[in-house]
Amino acid sequence: MRVMKWSMIALAVAAGTSQLAVASSQDEAKGFVDDSKLTVKMRNLYFSRDRRDSESAANKAAGLRHDVREWGQGFVGTFESGFTQGTIGVGFDAIGMLGIKLDSGRGYSGSGLFPTGSDDRSQDDYSKAGGAVKFRLSDTVLKVGDQFTAMPVFATDDSRLLPEIAQGALVTSNEIKGLTLQAGRFTSITAQDQSDRDSISDGVGRRGLKSADVFGGTYAFTDNLSTTLYYSKVEDYWRKYYGNVNWALPISDSQGLVFDFNIYDTKSEGDDLYRATADGDKLDNRAYSLSGAYNIGAHTFTLAYQKITGDGEYAYGIDGGGSIFLANSVARSDFNAEDEKSWQVRYDLNFAEYGIPGLTFMANYVRGTDANTGETNNGKEWERDVSVKYVLQEGPAKDLSFRVRQATYRSSDKVYSGSLDELRLIVEYPLSIL
């Protein structure tokens with residue numbers, strides 16, 4: 001498997017050598033100031049989670065509730081400078097974030113929107129900031145410092161009020177047309193609901209990320225066919241291989257098919273006990289998913305199948321909360337337990353075809369079976385998600401969006417968690433200042 005993956009990368013490089021760009025991005029640099037961008041994304045998020053029947057006697061005695069309800073306002077400011085002119089361009093990026101609590105209370109906290117104190121109350125506000133120096137040679141960029149990442153083996157999460165921030169160095173090269181290569185080393189992550197660096201947790205109180213080395217890339221063979229390959233090694237946790245093939249097959253002007261295949265191969269390295277299997281062994285598993293989507297006009301119908309084989313669940317988090325590029329990783333559950341098999345049906349509707357551009361609807365249903373939880377090897381879970389989003393298309397508030405997300409999760413075996421209902425109301429407005 002490893003030989004095949006590296007051979008495919010070599011083939012991609014060879015196939016693209018005749019497609020070298022004539023003029024590089026650095027040749028067209030306008031300067032540090034002229035190419036600068038400053039944006040502020042404002043996110044208003046209401047989060048409600050009803051844990052159904054999990055209100056224990058101990059929690060009742062302490063005044064804690066089984067439901068979580070919090071509301072906050074977040075501001076994510078990003079500054080991206082241009083590159084200085086010359087053979088090697090130099091620039092600087094900065095990130096500044098502020099989260100403000102609008103509503104919460106003792107017993108209602110724990111949504112992941114805010115830091116929570118020892119009194120079970122969320123902080124009134126929190127902030128985080130960072131910066132990164134960047135260098136560009138031709139079409140290759142080295143960025144050192146605080147940054148967001150979106151690699152399948154190292155992806156920062158942005159599912160709450162403020163996103164995670166990774167600290168490290170990343171090289172991204174686009175020297176060959178159709179081929180993107182990346183290599184990096186990261187040493188810490190600032191969690192979504194924390195201000196401190198290295199605040200990502202493995203769940204057992206140990207120091208989180210020590211170091212993560214990543215390498216990989218994507219090659220587009222044609223406009224409709226691409227493949228992605230990545231490798232990562234997280235110190236004292238695991239090494240991963242990831243592969244993806246995405247193929248879009250047009251049928252007509254209004255119809256088409258899209259097939260997407262993902263696979264992870266994970267194996268424990270170091271003395272990690274938190275990510276042990278249900279039987280107490282080290283991780284040594286494969287996780288894969290295959291999805292097929294049929295689009296006809298405003299409608300998209302998707303079927304997906306996902307399976308975990310080998311020892312242990314598909315593990316992630318310490319290497320970024322978004323590092324799970326599997327089809328059945330949905331709003332609440334990832335359907336990634338040891339030995340678990342899961343199916344998904346999904347329907348998307350774009351109302352632009354009916355004269356309402358910017359309005360979209362999504363509904364899906366995922367069912368998982370045969371999960372090995374340690375208590376049972378036939379654990380079952382299911383989840384139903386519904387989402388409605390509207391984005392203003394014009395006017396002074398252009399790009400202002402409103403979104404409602406509702407998730408219903410059930411599992412008597414507590415495969416991912418106990419049964420719950422979840423609701424998120426999200427209003428976002430991206431403001432471009434420069």
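Start by selecting K134: this lysine is buried, with a relative accessible area of 6% (buried means under 20%, exposed over 50%, partly exposed in between, using a 1.4 Å probe and protein chains only). You're looking at a predicted model, where local features need pLDDT of at least 70, side-chain atom pairs count only at pLDDT 80 or more, and totals for chains, interfaces and linings use all residues. Residues are numbered from 1 along each chain as its sequence is written, and side-chain values use heavy atoms, with hydrogens and water left out.

D93 and K134 form a salt bridge, their closest N and O atoms 2.8 Å apart (that is, a side-chain nitrogen of Lys or Arg within 4 Å of a carboxyl oxygen of Asp or Glu). D93 sits in strand β3 and K134 in strand β4, 41 residues apart (strands are DSSP runs of E, at least two residues, numbered from the N terminus).

Next, hop to R239 and D265, whose side chains meet in a salt bridge at 2.9 Å, N to O. R239 is in strand β12 (residues 238-252) and D265 in strand β13 (residues 255-268), so the pair ties together parts 26 residues apart in sequence.

Last stop: pick E428 and R43, another salt bridge, with the closest N and O atoms 2.5 Å apart. E428 is in strand β20 (residues 420-432) and R43 in strand β1 (residues 37-50), 385 residues apart. Both E428 and R43 are buried.

Note on methods. Helices (H or I, at least four residues) and strands (E, at least two) are DSSP runs, numbered from the N terminus.
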